[in-house]
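Look over the sequence and the structure before reading on.

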Amino acid sequence: MAQVPQTFFDALAVRAWCGLALEALGRVREEIDAINVYPVADGDTGTNLYLTVESAAAAVEAVFEGHEAGAATGAGAAPGTGPTLADAARAMAHGALIGARGNSGTILAQLLRGMAQVLAGDEAAPHADGRDLRQALRHAADSARQAVAHPVEGTVLTVASAAARAAGDAEGDCGTVARAAYEGARVALAETPGRLPVLRRAGVVDAGGRGLVTVLAALVQTFTGETPRIPAGPAGQQGGRAPRPLTEPDLAGGTPGECADAAADPGHGATAGPAFEVIYLLEADDEAVARLRRRLDGLGDSLVVVGGDGLWNVHVHVDDAGAAVEAGVEAGRPYRIRITHFGAADVHTTGTGRPALPERPRRAVVAVVPGEGLAGLYAEAGATTVLARPGEPPASGELVQAARRSGAREVVLLPNDADLRHTAAAAADQARAEGLRVALIPTRSAVQGIAALAVHEPERRFDEDVVSMTSAAGATRYAEVTVAERQSWTMAGICQAGDVLGLIDGDVAVIGQEVAATASAVLDRMLAAGGEMVTLVVGDDAPDTVAAHLETRVREGYLAVDTVVYSGGRQGALLLIGVE
């Protein structure tokens with residue numbers, strides 16, 4: 001990390017700020033998670049903010065490392081010059097954009113992008129001064145508010161606007177402006193319970209705003225070398241008591257009086273709300289994104305779309321996760337799709353009442369799925385999903401992030417692909433190093449994962465649950481029907497490009513010319529050894545009649561065998577088949 005204090009807002013200051021903000025969020029992550037009650041009491045705001053800044057910091061470090069490597073080989077700038085402010089600011093914004101998590105993390109990404117647009121405005125400028133920082137904070141607050149479909153006061157948006165106003169009234173260097181922004185944000189944070197009744201009744205301040213105050217405190221430290229501890233003004237007084245220094249507990253949890261008020265009115269204002277959080281990166285033009293905003297606004301709430309220049313981060317809470325993803329497909333190319341089922345304990349709040357503070361879930365299932373349809377299915381069953389598109393397998397870090405995002409102490413990992421066994425094992429090792437209890441069930445297909453998830457009971461002892469899920473997965477034979485891309489030798493003979501292939505347990509067993517006939521032959525071979533349940537997962541590119549054809553074949557040819565059909569979306573294979 002760069003040394004502090006920094007005199008000017010240059011590339012080194014960006015690097016220092018990101019590092020300090022990451023460290024600070026790491027210290028208060030669990031505290032912020034604990035006060036997360038709006039818009040969903042799912043206890044992950046601190047974690048989401050931390051992961052967002054972690055991605056921003058990593059992107060900035062990559063710029064410095066790339067510049068140093070180029071200088072060392074003579075391929076870049078002269079040694080000792082370093083990246084420009086514009087380089088570092090754009091890297092910070094891009095890293096936050098692609099790594100943004102949750103509602104508050106997505107808004108923070110837009111705040112950083114708004115600042116970067118001002119700081120990187122002059123490519124040749126070696127650094128920014130106090131005036132530039134004032135403009136950057138103003139633009140950041142405005143752009144973040146514009147990114148939210150229906151801004152609500154008493155949230156991180158209110159805190160960001162207050163910081164920008166306070167900075168605008170400050171004269172002086174970057175340290176003076178940063179301190180003014182921090183103080184304005186701190187006062188606005190203390191006032192959030194008065195603006196949003198759900199916060200007052202729960203006895204907490206806004207969790208996203210709390211995170212932003214932490215990030216701004218790191219900005220002050222960047223330019224002054226000091227972590228600010230500013231006494232509360234009149235806005236910080238509670239119950240007629242004299243002002244006192246605003247401490248970390250004040251920022252994290254409100255006052256005893258507020259907590260007593262909250263306890264007097266349990267559960268008031270909780271609502272059912274949408275069932276899923278959907279987040280994805282999207283490559284699309286501005287006009288398509290404008291249409292997407294209107295479409296998603298009609299599907300759910302908590303809509304935040306941030307980014308620009310062809311790359312966007314989309315966040316929304318919906319009941320129909322598949323429709324939200326499909327809207328992204330219509331707008332452009334969505335990827336890194338994450339669908340999270342809130343569950344019964346994750347209470348949506350309207351801003352008028354008090355939900356119970358969430359308890360950390362005991363156990364979660366993290367599953368890799370090959371298509372949007374299966375992602376929705378797994379999420380409905382309570383799993384945290386990681387989407388794997390054809391040719392784009394997830395990295396171990398994405399699986400670890402999904403385990404963190406679940407917030408659970410115990411995690412069952414379903415890779416659902418034989419080729420991901422090493423990736424999943426590395427993710428499991430890393431999650432264990434972070435203190436999680438992790439079991440890796442070596443599922444080799446999504447249909448095996450469905451079988452495992454069907455018998456998952458989080459109230460059972462961990463070992464018993466893992467044994468039951470492993471047994472169910474192991475008792476499920478799996479197959480897929482796909483199209484050959486080129487001539488190749490297989491276990492069933494030589495196939496040509498365009499042939500329909502039926503793979504059973506990973507090996508080619510049938511080569512055909514027609515999808516329904518090949519799928520029927522595969523199914524007959526699998527059921528020859530017996531079976532009680534057939535699972536069909538139909539991809540978007542499969543013929544419309546293939547599922548009905550196979551259902552009829554099972555019903556007429558195999559007594560006492562049930563069939564269930566799911567839509568897999570763009571899953572790569574035309575058809576996935578499971579026989580239990």
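Charges and cysteines in a predicted model

Q: Is Cys174 buried or exposed in this predicted model?
A: The structure is a predicted model. Buried means under 20% relative accessible area. Cys174 has 2% relative accessibility, so Cys174 counts as buried.

Q: How many disulfides does a search of the whole structure find?
A: A disulfide needs a pair of cysteine sulfur atoms within 2.5 Å. Cys495, at 2% relative accessibility, is buried. For disulfides, the search of the whole structure gives a count of zero.

Q: With which residue does Glu153 form a salt bridge?
A: Side chains of opposite charge can pair when their charged atoms come close. Glu153 is partly exposed at 33% relative accessibility. The closest N and O atoms are 2.7 Å apart, and the partner of Glu153 is Arg145.

Q: How many residues apart are Arg179 and Glu226, which meet in a salt bridge?
A: Their side chains meet at 3.5 Å, N to O. The pair links distant parts of the chain, with Arg179 in helix 7 and Glu226 in the loop between helix 9 and helix 10.

Q: What separates Arg432 and Asp429 in helix 16?
A: Arg432 and Asp429 form a salt bridge, with the closest N and O atoms 3.0 Å apart. Both lie in helix 16 (residues 421–433). Because they are three residues apart there, the separation is about one helical turn.

Q: Is Asp319 buried or exposed?
A: Asp319 sits in the loop between strand 5 and helix 13. Asp319 belongs to a surface patch of negative charge with Asp301, Asp320 and Glu380. Its relative accessibility is 51%, so Asp319 counts as exposed.

Note on methods:
Residues are numbered from 1 along each chain as its sequence is written. This is a predicted model: local features need pLDDT of at least 70, side-chain atom pairs count only at pLDDT 80 or more; totals for chains, interfaces and linings use all residues. Side-chain values use heavy atoms; hydrogens and water are left out. Patches are made of residues with over 30% relative accessible area and no salt bridge: like charges are joined within 9 Å, nonpolar side chains (Val, Leu, Ile, Met, Phe, Trp, Tyr) within 5 Å. Accessible areas come from the Shrake-Rupley method with a 1.4 Å probe; for residues, only the protein chains shown count as cover. A salt bridge is a side-chain nitrogen of Lys or Arg within 4 Å of a carboxyl oxygen of Asp or Glu. Lys and Arg count as positive and Asp and Glu as negative; His and the chain ends are not counted. The place of a charge is taken as NZ of Lys, CZ of Arg, CG of Asp or CD of Glu. Helices (H or I, at least four residues) and strands (E, at least two) are DSSP runs, numbered from the N terminus. Buried means under 20% relative accessible area, exposed over 50%, partly exposed in between (1.4 Å probe, protein chains only).
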